[in-house]
There are 4 protein chains.
Amino acid sequence: MRATSNPSGGRPYLAIPGPSVIPDPVLQAMHRPSPNIYAGELVTLTDSLVPDLKALAGTAHFVAIYIANGHGAWEAALMNTLQPGDRVLVPASGRFAIGWSEMAEALGIEVEVLDFGTAAAWDLSQVAERLTADKAHDIKAVLGVHVDTSSSIRNDIAALRTAMDAAGHPALLMTDCIASLGCDRFEMDAWGVDVMVAACQKGLMTPAGVSFVFFNDKAAEARARLPRISRYWDWTPRANPQEFYQYFGGTAPTHHLYGLRVALDLIHGEGLQQVWARHATLAQAIWAACETWGQIDAPEQGLRMNVTDPALRSHAVTALQLPAPRASELRAWLEQNLGLTLGIGLGLAPAGSPAWHGYFRLGHMGHVNGQMIMGLLGGIETGMQALEIPHGAGGLSAAAQALAAGAQG
Amino acid sequence: MRATSNPSGGRPYLAIPGPSVIPDPVLQAMHRPSPNIYAGELVTLTDSLVPDLKALAGTAHFVAIYIANGHGAWEAALMNTLQPGDRVLVPASGRFAIGWSEMAEALGIEVEVLDFGTAAAWDLSQVAERLTADKAHDIKAVLGVHVDTSSSIRNDIAALRTAMDAAGHPALLMTDCIASLGCDRFEMDAWGVDVMVAACQKGLMTPAGVSFVFFNDKAAEARARLPRISRYWDWTPRANPQEFYQYFGGTAPTHHLYGLRVALDLIHGEGLQQVWARHATLAQAIWAACETWGQIDAPEQGLRMNVTDPALRSHAVTALQLPAPRASELRAWLEQNLGLTLGIGLGLAPAGSPAWHGYFRLGHMGHVNGQMIMGLLGGIETGMQALEIPHGAGGLSAAAQALAAGAQG
Amino acid sequence: MRATSNPSGGRPYLAIPGPSVIPDPVLQAMHRPSPNIYAGELVTLTDSLVPDLKALAGTAHFVAIYIANGHGAWEAALMNTLQPGDRVLVPASGRFAIGWSEMAEALGIEVEVLDFGTAAAWDLSQVAERLTADKAHDIKAVLGVHVDTSSSIRNDIAALRTAMDAAGHPALLMTDCIASLGCDRFEMDAWGVDVMVAACQKGLMTPAGVSFVFFNDKAAEARARLPRISRYWDWTPRANPQEFYQYFGGTAPTHHLYGLRVALDLIHGEGLQQVWARHATLAQAIWAACETWGQIDAPEQGLRMNVTDPALRSHAVTALQLPAPRASELRAWLEQNLGLTLGIGLGLAPAGSPAWHGYFRLGHMGHVNGQMIMGLLGGIETGMQALEIPHGAGGLSAAAQALAAGAQG
Amino acid sequence: MRATSNPSGGRPYLAIPGPSVIPDPVLQAMHRPSPNIYAGELVTLTDSLVPDLKALAGTAHFVAIYIANGHGAWEAALMNTLQPGDRVLVPASGRFAIGWSEMAEALGIEVEVLDFGTAAAWDLSQVAERLTADKAHDIKAVLGVHVDTSSSIRNDIAALRTAMDAAGHPALLMTDCIASLGCDRFEMDAWGVDVMVAACQKGLMTPAGVSFVFFNDKAAEARARLPRISRYWDWTPRANPQEFYQYFGGTAPTHHLYGLRVALDLIHGEGLQQVWARHATLAQAIWAACETWGQIDAPEQGLRMNVTDPALRSHAVTALQLPAPRASELRAWLEQNLGLTLGIGLGLAPAGSPAWHGYFRLGHMGHVNGQMIMGLLGGIETGMQALEIPHGAGGLSAAAQALAAGAQG
């Protein structure tokens, strides 16, 4: 049982946009014997998660916890509200909006995608126009991804609700916050979201394997109108369990529950407003470095941010571009030499194509702080030096300045 | 952060029929940072699980791994083979056969249950008769639970296949081995099973949260005939992934995979035949003690095994009866005084009824050995002494004798 | 990195007289990054250990914590009180009294051993006689092992003090509680003990590596009279640190401190009186089984307890005898077949001699409870069955009865 | 049991000069039950450590492993070679040389310190002169600290041996490599070192609690001439154990041994030459940043390295200076805002004095790599920005350039 040595010789840093870095206390809490699943500590602990999850989502309504990844929660959200033949409208700004659409199609749902590309804001006037035209209210739901992990665009969910209301349309507003929950500000009830989907392995800092669907009374009524629903996905007993096993439609994900308890303690102990502010500051440091590095004579030779408008940028993930195949070269160099793993590009070029090697992403969600982000950025500048990728001077100092400013703020 | 003390003052022992005791090396392997989910070690490791899982199931065909509990795997098995309006036949000998039936019903499947009670073998002549009568082959599948965790009956799956073949019926044979895999002998291909469902938290000794559907070509053909299937449950890409993420229809259950790797190493390192033999010996020790304890003048005042015929008894779980409410009293006493948690009765009396307090179960699956079983049995005799529950003398010696004999065997 | 499988296929149980079974929360607390050793949490945590250690020892005076095993603490106790040429008196009832004597001799101290064998109480009249004869007060200390881990005799420390007082002799009373602290009742101040030595890997349930010397004002005065003392062993700064590093004469044993914090929480959370009572009950169960097993026609063919008088038996360790080489055979069989490791005999026959294979020991200290002890005893009866070692019937039932009685008490 | 949140909200980074960052596989290996200490796996594992420790030290001779911190190993080295009245010569370049001297004095050894301050190389001509003058060979040993953790000077041990040889003096050469082993090149036999002291919590990446004394035949002869030695410190049985317990003079430090096994696997898996090269590159990155930051108009207002000559700088620790009290302010700001803990200054100003707040140290030993060091340096620049500490521009880019150059090398 020889431990294998990391080529970098030190602590690896996984800076991909999920799974994110897991806090030591979360892992400690999960390293324990299986508990009784019929009575005792686990029941109390699970009950205690519910209000803390709702506070995280900004809702006073319901949450169903699934043993599943985010794709499972996508399917759960669709299964509880729609049936074959129903229609949904999907304003898209990245691969994950498309992915959710495809999942709906596979369930027999009619999907209309309004594709706004991978680098621009939604044109809400088009959304409003389509909804207004739907006099028969055939559209049962609008699916809006909050932060699209592929493009790193952060969409304006509150404005989407405003557009829907202005159109006087009764469709449900269903949102994917998988990449944003616990990172970017999100207020489910205040923003008029009916259904929200999230998972545990990003802002919630817990090993992948549990996901969530939050829903309100309007969504519950849609569920009640369904003629039939799978027992596994049915959110009703999960959100209102009479017996403990109903939380999970069977055996509980015991160890994840212990991990989540600690993760929620960390978030609410720091304070959700402070957690959001921290992510904002760290994102600004990343942007400052990337923008500075991009200031070269021939910008197309260097680093470019996928989203040019800061107002549209996620605080949790950043999609970047380098002339192909330099993005892939940079990723490989950093993993080999510095123990730093960056995310691959997703959805900005066909997978495996030459162009695909021109994209990469940084994850900066959950258990991150200033020294980690400076290590991430410092690593990138080191890699650009080593690979002779042209870049503007002073990126790291600009990042340090942004961090210093954020800390004072 | 004061650690709370267990009232028993020592190591707790959870002897419920799942989740089972987790080996320390499994927990060690899961206490680690999140890995990259796009390339590297995790990909290789996951690939390596597939042949080892198939060897465990006794199949050369396919396995799909789900982030879900056993109920999820039940649903996956149904979703990939049946559609609303299809009919299934369910010979039942316990609560879990009924549970799987109810899940099918919720999906719009017509269910016929042949209920053989909770303490007797299936009457396969009735199964054969029903299949023979089904000239139109409306019955698409027979669902047979191998070991019903509630009654602790072990059904004869090979004989069920023989009966189906004798009736010349083309229905799929679908089996639930959640409680038996890695404990009781099971040979999927040799026994003619088309679909088999299992989970990781019993014989596989890993924290709850991952489950499995094994299937053969005939089942794959049934899947191919479906007009539509949910992306999350679709076993095709999971069993034949082109990209790593397809194994799990999205983000991988990273930490569970590390745990499973170690659990499979432990099983195959010991040898599957030896693992089965170990469970057989341990079960015999439990039966020897229980039968001896039951030998009193008024047997109805004492301990009774739910399954009287040893040939029908599971090697992984044992359902027992005491005059109500003595079963519940015994469980409570053991947990409080000895740190020993036994399983509640399930399905043998209405939950919460006075009679319900007359049943309990022992789990003896997975990471168990002789000293643990002697501790379990020694604890039970201690509790019976303390609570003045009448019991025959010599139960523990009988168990020791069975263990000693098994070790020589 | 294949996990190796334990031949027993289940959880191993190490029932040797130290190191003992470590509670999961202790290991959890130790699985963490290194802390700052100059300021912060570790300093506070270490301060908090001191009163809890003193409460465990029953003293209001001083404790020095050493990074060392028990032998290191032995040496520390000698180094702080004696100098070459000083004389000590050692009433002995086992190997560890001799061991401590030899350590003293190596330091140039004159040692007088009163050897009372390995199975009988000290004859305190002999001690008193010798002290009375020492008119010049050449004897500077009496070294008394509380529980000798080799013979499993528990000596009467309070009575030793009475004898010393009756003789009007000013020697220090120095006691080794390595095997007894946190198991057998011990009251340092009430019993008039001046120096007490302990370690963390037995009743304190923490991985080996830290030990303790408790001392009172009289001992501190002896220390003050020394012309010179090694900086590492000097207990003065350790017990009265002005700077944090002085607790440990250099770098702190960081992870052990986290473990000790939890172990002390467990002990004081359960309550020290209750911890002692639990050990007493568990010991009675072991004695009941062993005495019953020993009731055969030719007792010399079977199991014999080394200490026949229950009043002299430790509650933490039990030394046993079988006709050689059956003790070694039994140990080997249990480890191979049941995952149960018993302690070797120590000091009752020359190591490696044929007779040595006739002795073994059970550890039952620290994190133990009734189901564990029944597993230990049930394992032993199983092994005796398998190896056809003659033994009286009903040993396990007798143990169960003792446990049941203790739980009611 | 609420987990407390780190104010920085992310992973803390302890960058003090020991204890260092512990690799996850080391902690994983230590999270396990206690093993048998009389036979089996632990014995084999411990045997396997010996050649790997010797390879790390560059010696073919002996190693004794102590349950103790580095101060304990200091004392062990003195105890095995010297007796009261013997004389030692100590060329000093920092606090730790003085500390070792004081420990010798407490043992009754006569100490002559040649103090060369805290920022300069030893003047070996003075050493040679003193040795030459010692015609009677009263000086029994020369104590030379390889890297003084306080000043961060790296002394030239090979040159010290040359000077001793040139003087024709038979004194033992005893070296402290606590801060350098596994970081800075060290070759015990090739450099003519007779005794070398090290510990596990720095380059060896294991929780504090175990230390080492390496020695050769000449030192063993000195030990053999001693009239008496403490059993705990005696290195003879530890280095040549006949029984397993002799390795540790009693109970083994069980969990540390598992951790050390993994740590040595990591070092030798990477390759010792590569480990040294990695530390060299990382040190150069730190120096590049610090030197650049120091380039301001009034250098005394900014950051200064304690050791100006790179040839004298440790690759494992760096002592730095800022105008008091800015060093302390910077440390506090970084811990609070970035989760980054730097080391306090040691030995360069009186503890607690106003001047003391003008010093700090960086640890960069053991489990470190480029992204960590860029995080450390990026954090420092951030703190200097926030606190308006004047510093030259481009420090981080200079560091990145050094890292990139090192990786190519």
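Rings of Phe, Tyr and Trp (for Trp, the six-membered ring) pair if their centres lie within 6.5 Å, with planes under 30 degrees apart counted as stacked, over 60 as edge-to-face and the rest as tilted. With that in hand I looked up the aromatic residues, and I found that Tyr66(A), Tyr232(A), Trp233(A), Tyr66(B), Tyr232(B) and Trp233(B) form one aromatic cluster.

I note that this is a predicted model, in which local features need pLDDT of at least 70 and side-chain atom pairs count only at pLDDT 80 or more, while totals for chains, interfaces and linings use all residues. Residues are numbered from 1 along each chain as its sequence is written, chains are lettered from A and ligands numbered from 1 in the order in which they are written, and side-chain values use heavy atoms, with hydrogens and water left out.

**Aromatic pairs.** My search of the whole structure gave 50 aromatic pairs over all chains. One of them joins Phe212(B) and Phe214(B), a tilted pair at 6.3 Å centre to centre with 35° between the planes. Another is the stacked pair of Trp74(C) and Trp100(C), at 5.9 Å centre to centre and 10° between the planes. Because Trp74(C) lies in helix H3 (residues 70-79) and Trp100(C) in helix H4 (residues 95-106) of chain C, this pair ties together parts that are 26 residues apart in sequence. Helices here are DSSP runs of H or I with at least four residues, and strands are runs of E with at least two, numbered from the N terminus.

**Helix H6 of chain A.** I then asked which residues of H6(A), residues 157-166, are buried, where buried means under 20% relative accessible area and exposed over 50%, partly exposed in between (1.4 Å probe, protein chains only). They are Ile157(A), Leu160(A), Arg161(A), Ala163(A) and Met164(A). The face turned away from the buried side carries the exposed residues Thr162(A) and Ala166(A). After the helix comes Gly168(A), whose phi is positive, near 60°.

**His255(C).** I found this residue in helix H10 (residues 254-270) of chain C, and His255(C) counts as buried because its relative accessibility is 3%. Leaving aside neighbours within four places in sequence, its contacts (heavy atoms within 4.5 Å) include Met30(C) and Arg32(C), as well as Ile22(D), Leu27(D) and Pro207(D).
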